[in-house]
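Take a moment to get the model in view and turn it around.

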Amino acid sequence: MPWCPVCKNEYREGVKLCAECQVELVDRLEEEETSESELERQRRMEEYLRAMSAAGQDPEETAAEKSEDYHAYRNSALQAEDNRTSAYTLFLAGILGFILDVLVFTNTLPVFRSADTTRYFVCGVMGAMFILFVVFGVVSMRTSKILLVKAQSEDSLLSELEKWCRENLSAEQIESGLFEEEMPEEQKYFKRTDRMKEIINNKFLNLDQGLLSHFIDEYYQELFENE
């Protein structure tokens with residue numbers, strides 16, 4: 001899936017330009033870039049805990065409650081690409097290694113001076129190891145294909161969630177009766193996202209909570225941080 005290297009938003013296949021930043025999209029973000037949203041979540045949590053501590057609440061108890069509600073999300077498309085890369089690496093290492101092992105075993109490459117037990121033992125162990133490389137490569141490739149199917153399902157679900165939220169979920173609806181008094185923005189963030197999660201879960205049953213948390217983080221920015 002294409003990504004914007006500036007705002008880190010993910011787009012559907014076929015989109016070439018970021019609607020917000022007007023820059024060309026890239027096929028994937030670097031690992032340190034993809035972790036930026038996680039750092040932002042951590043920063044919000046730290047601010048939230050400081051506010052709770054100032055209000056007389058136990059920050060450790062609050063952190064434990066929020067940790068129970070948090071579900072990590074891993075992009076299936078990126079996982080599929082990682083597995084495919086691992087599969088190609090294992091295939092290459094296994095095939096080349098097995099060919100080299102055969103050359104040594106047949107004494108085409110005279111590594112051992114005589115056809116003694118040592119050569120048979122070493123070549124047998126190495127051959128088995130390189131065969132395992134190929135087997136693991138097959139497993140990684142199959143896993144990659146499974147993850148690609150899952151990624152397509154996730155994209156379809158995210159599109160459906162986005163369409164429903166645009167039609168039914170506004171900032172005013174989320175904040176209705178939510179804030180009885182003034183509070184720091186970090187506290188508002190968690191109250192808003194909890195309300196969004198509750199509303200969406202009531203509409204879409206059996207959602208993957210990691211995927212939902214990822215979607216809410218993205219949609220939250222559109223509703224409250226791009227105003």
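Glu 162, Arg 166 and Glu 222 are linked in a network of salt bridges, where a salt bridge means a side-chain nitrogen of Lys or Arg within 4 Å of a carboxyl oxygen of Asp or Glu. Before going further, note that this is a predicted model: local features need pLDDT of at least 70, side-chain atom pairs count only at pLDDT 80 or more, and totals for chains, interfaces and linings use all residues. Residues are numbered from 1 along each chain as its sequence is written, and side-chain values use heavy atoms, with hydrogens and water left out.

Glu 162 and Arg 166 pair up with N and O 2.8 Å apart, and both sit in helix 5, four residues apart, about one turn of the helix. (Helices here are DSSP runs of H or I with at least four residues, strands are runs of E with at least two, and both are numbered from the N terminus.) Arg 166 also forms a salt bridge with Glu 222, the closest N and O atoms being 2.5 Å apart. That pair links distant parts of the chain, with Glu 222 in helix 8 and Arg 166 in helix 5, 56 residues apart. Arg 166 has a relative accessible area of 48%, so it counts as partly exposed; the cut-offs are under 20% for buried, over 50% for exposed and in between for partly exposed, using a 1.4 Å probe and protein chains only.

How many salt bridges does a search of the whole structure find? There are three. One of them joins Arg 192 and Glu 175, at 2.6 Å from N to O. Arg 192 belongs to helix 7 and Glu 175 to helix 6, so this pair ties together parts that are 17 residues apart in sequence. Arg 192 is buried at 6% relative accessible area, whereas Glu 175 is partly exposed at 27%.

Now for the rings. The structure holds seven aromatic pairs, meaning rings of Phe, Tyr and Trp (its six-membered ring) with centres within 6.5 Å; planes under 30 degrees apart are stacked, over 60 edge-to-face and the rest tilted. Tyr 189 and Tyr 220 have ring centres 4.9 Å apart and planes at 85°, so they are edge-to-face. They come from helix 7 and helix 8 respectively, 31 residues apart. Tyr 220 and Phe 224 have centres 4.8 Å apart and planes at 40°, so that pair is tilted. Tyr 189, Phe 190, Tyr 220 and Phe 224 form one aromatic cluster.

Phe 224 turns up again in the largest nonpolar core, which has 22 residues; it is among those touching the most other members, along with Leu 161, Cys 165, Leu 169, Met 196, Ile 200 and Phe 215. Such a core is a set of buried Ala, Val, Leu, Ile, Met, Phe, Trp, Tyr and Cys residues joined through side-chain atoms within 4.5 Å. Its largest share, eight residues, comes from helix 8. Setting aside neighbours within four places in sequence, Cys 165 is in contact (heavy atoms within 4.5 Å) with Ile 200, Phe 215 and Tyr 219.

Let's finish with helix 7. Asn 201 is found there, and at 23% relative accessibility it counts as partly exposed. Asn 201 and Leu 212 are eleven residues apart in sequence and 8.7 Å apart in space, C-alpha to C-alpha.
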